[in-house]
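Here are my notes on the model you sent over. Have the structure open while you read, and take the points in any order you like.

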Amino acid sequence: VVRAKWRNSDTFFALKTFNNDKITLKEVVNEKKAKKKYLLVLEYADNDTLKTYLNEKFNELNWNDKYQLSFQLASAVTFLHENDIIHRDLHADNVLVHQKKIKLADFGLSKKIAKASSNNTSKICGIIPFVDPKSLSDQDYKLNEKSDVYSVGVLMWQISSGNQPFSDLNYDEGLMLYIINGNREEIKDDTPINYSNLYTECWKYEPDERPNMQEVVLILKSIVFPDQHLEILGINGGPNTNDGSNMNDDNQDINDDSNISDNSDINDELDINDFSDNMIKNIGSLQGQASIQSGIMSLESNQSSSSIQTNSSDSSFDIINDSFVDKLIAFIIKKHDKGYNFDQIQQLIDQITLKCNQIINDLISWLTKNQDKSSYIWLFGLFYYYGIGIEENDNKAFESFSKAAENNCSIAQIYLAKCYEDGYGTEEDKNLAFNWYQKAAKNKSIVGQFYLGYCYEFNIGTENNENKFIELYKNAANNGNTTAKLYLANCYRLGKGIDKNESKAFEYYKILAEKNFTDAQYQLGNCYYYGVGIEIDKVQAFNWYKKAANNGSIIAKCILEQNYNKKTNTKKNRSIEIKIHKTMYFEGLRQVGINNYNGVGTKQNYKKAFYYFQKAAEGSYKIAQFDLGSCYEDGIGVKKNNRKAFQLYQKSAEQGYLDSQFSLGYCYDFGIGTEVNKVKAFELYKIAAENGNEMAQYNLGICYESGIGVEKDEIKAIYWYNKAAENGNKIALYNLGNCYKSGIGVEKDEIKAFKYYEKSAEQGYLNAQCSLGHCYDFGIGTEVNKVRALELYKEAAEKGHTTAQNNLGTCYKNGKDTERDLNKAIY
């Protein structure tokens, strides 16, 4: 197979030779005379095989990406089966990936089902894990459709894990017997149970117990396009049954308790049949056939023919016009207005791409030639922003958003604000972020109203303006923005910016939870567990925690394990020894990265450190995922990318790694790679703190002391500061000193305050050194000692502590217990 460029074009193809025998030529060319030499002209896959793609890109894949790969694979195999073809040779080297799209290849063993003959196990040693085990034990068994189902099940496991199946074992007769005896790969810890249940059904030994491919597609479709998240492009097999009677009343007063039983549906409110129907009619026939599209070119005459007739790519290009693109843009904006955040929009576009499998490249081509509208400029930037169909490029995304925003495109103003907020493609500038969110809101953007309120609540580029965020959240909520409703519920529960009303908070959580809003589900569980706005009911709490956990909530999963001793997923432990072996292997790679990072035994090399962290993380090794996330967050060995950092922390946290749970909380606390969410930050700090993470314990103390994401509770703040201090946290020791000095959560005790400052200062904490100097300076908890005070001020001042510098200047100015020196005072 070689890569070739079509003459007078920029299009690449793959050229593949095949046996020039009569049987092959008769099947492929359908000619009587076959004296010419032929090549197959195939679509070129720029991401190589699925195996290579997973090796190189696995750490960049979220579960939505994995679902889509599996759904595309299953859909392609289903298309074959519907045309009476079985592949019989499905494995990760025979599946190609082109711009995140699955392409089936190497139909060398494919046969018409009616003519399927005996198995061919003489050359299967290299692909044993993918082969129907029934054929390994029964020489008379004929490979069939259910054999492909088995292979798909194994490939689904590989997509979920990023690993070659049974990579720790030799591919020989011993592995054959091992599989025949019922052994399968173990389910990865972070695998959603509905996904693992599906592939374990596929790889059952008895073919009759396996689902058919149509059933696999339907189940994957329900996972990829769940009703509770979105309904796109008629995916549920019929028109949207919502007639508008349940839509949120724009004039509803959210202050009126009588209207709390909001009937809006976060999944509907969007009749997109006009957008989807015509498109699906036009591209439906392109969907399946394009995945096996090929041509055969005679080298002598340069004439092309095809053994499988397909529509040309121009057909899908013709579908893309102003009307199509305008409806797509309106659809995305509508979802944003209804409460989708930036990550959910990425998933949405991925799913649209999946449904419209063959047109994404043509859409990008169309956009490159049609940049006359600001909304088209924004959409083009969106593909660069999310790396969909083209490589992610922060600079080009920022440029497109800037140009469109300047032309008063409100959705572009939102994305430009996000770029400034995150420092994506530009320098971080919270003030400019606020300004652009404000412009979008003034342009009557509903999502702009939410994000402007979000800025006011969390002081992003502005000071809290007399609880103006409540008014903006209400406006957005009254216009149907569900995220605004969730933030409002949090405000009612905590009494933040509005009178505390736990009953109202409970009702909002309940409304959203019943519509499968995951964050509301675990909050409703909290309400039942702690009796917030409702009587305590541990059974109901468990049910809602479980629903949230099944929908992917890390917080709910941890709560179930801590409060109910329940695991949300099960795994089959084939061998503890094998698991230990894998852990040792990946830890070995990680240690090489650590040595390069710290320059231990080798020259310090951040790029090499990043490389080894990445290789270890490819095995879903949670500690390496955390290390890799830290590299992305700090821009060490790789370009800084907070979104990727957040995603890696999330993957690691899902596996229970405490440092990642803390870091994920920190991301939510300060909006690193995601939106600020103080409530989620608090919950994650609490989970990590209760499991002994000292930084989480300290941050949890801060939350309780200041009422961040939770009701203010100074006694609990003292408790967690003490826990962190016991674990050696120098900042917690300093905060305990402040609490004892001012009587916060404890009886005022200046002697204890002095001792805590002293312990913290001994660990080099500058704030504590300055405060300890102040104690010596004025005799707080100790005798006055101006000389010692001067020493401490000087030590902290020389390290850049501004308060210490000011205090030191005062000492030199006044000349008390030191030589008066105005020059030093000014310095």
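1. A term to settle before anything else: contact, or touching, means heavy atoms within 4.5 Å. With that in hand, look at Tyr454: leaving out residues up to four places away in sequence, Tyr454 touches Glu421, Ile460, Tyr473, Tyr487, Glu675 and Val676.

2. Some ground rules. This is a predicted model, in which local features need pLDDT of at least 70 and side-chain atom pairs count only at pLDDT 80 or more, while totals for chains, interfaces and linings use all residues. Residues are numbered from 1 along each chain as its sequence is written, and side-chain values use heavy atoms, with hydrogens and water left out.

3. Now the overall picture. The chain has 38 helices and nine strands; these are DSSP runs (helices H or I, at least four residues; strands E, at least two), numbered from the N terminus. Of the 827 residues, 53% are buried, where buried means under 20% relative accessible area, exposed over 50%, and partly exposed in between (1.4 Å probe, protein chains only). Taking contacts between residues at least 6 apart in sequence, 59% join residues at least 24 apart.

4. Have a look at Cys491, in helix H20 (residues 482–494). Cys491 counts as buried because its relative accessible area is 2%. Setting aside neighbours within four places in sequence, Cys491 is in contact with Glu457, Phe469, Ile470, Lys496 and Ile498.

5. The axes of helix H22 (residues 518–530) and helix H30 (residues 678–690) come within 12 Å and cross at roughly 60 degrees. Axes here are lines fitted to C-alpha atoms, for helices over the stretch in contact, and angles run from 0 to 180 degrees between N-to-C directions. On the H22 side the contact is made by Asp519, Tyr522, Gln523, Asn526 and Tyr530, and on the H30 side by Val679, Lys680, Glu683 and Lys686.

6. Beyond residues up to four places away in sequence, Asn64 touches Gln347, Asp350 and Gln351.

7. Next, some backbone angles to check. Arg88 has a positive phi, near 70 degrees, without being glycine. Arg88 lies in the loop between strand S4 (85–86) and strand S5 (95–98), and is buried, at 11% relative accessibility. Asn408 also has a positive phi, near 75 degrees, in the loop between helix H15 (394–406) and helix H16 (410–422); at 49% relative accessibility, Asn408 is partly exposed.

8. Last, the hairpin. S5 and strand S6 (residues 101–104) pair in the antiparallel sense over four bridges; pairing takes at least two bridges found by DSSP. Leu96 stands opposite Lys103. Two residues separate the strands, and Gln99 in the turn has a positive phi of about 50 degrees.
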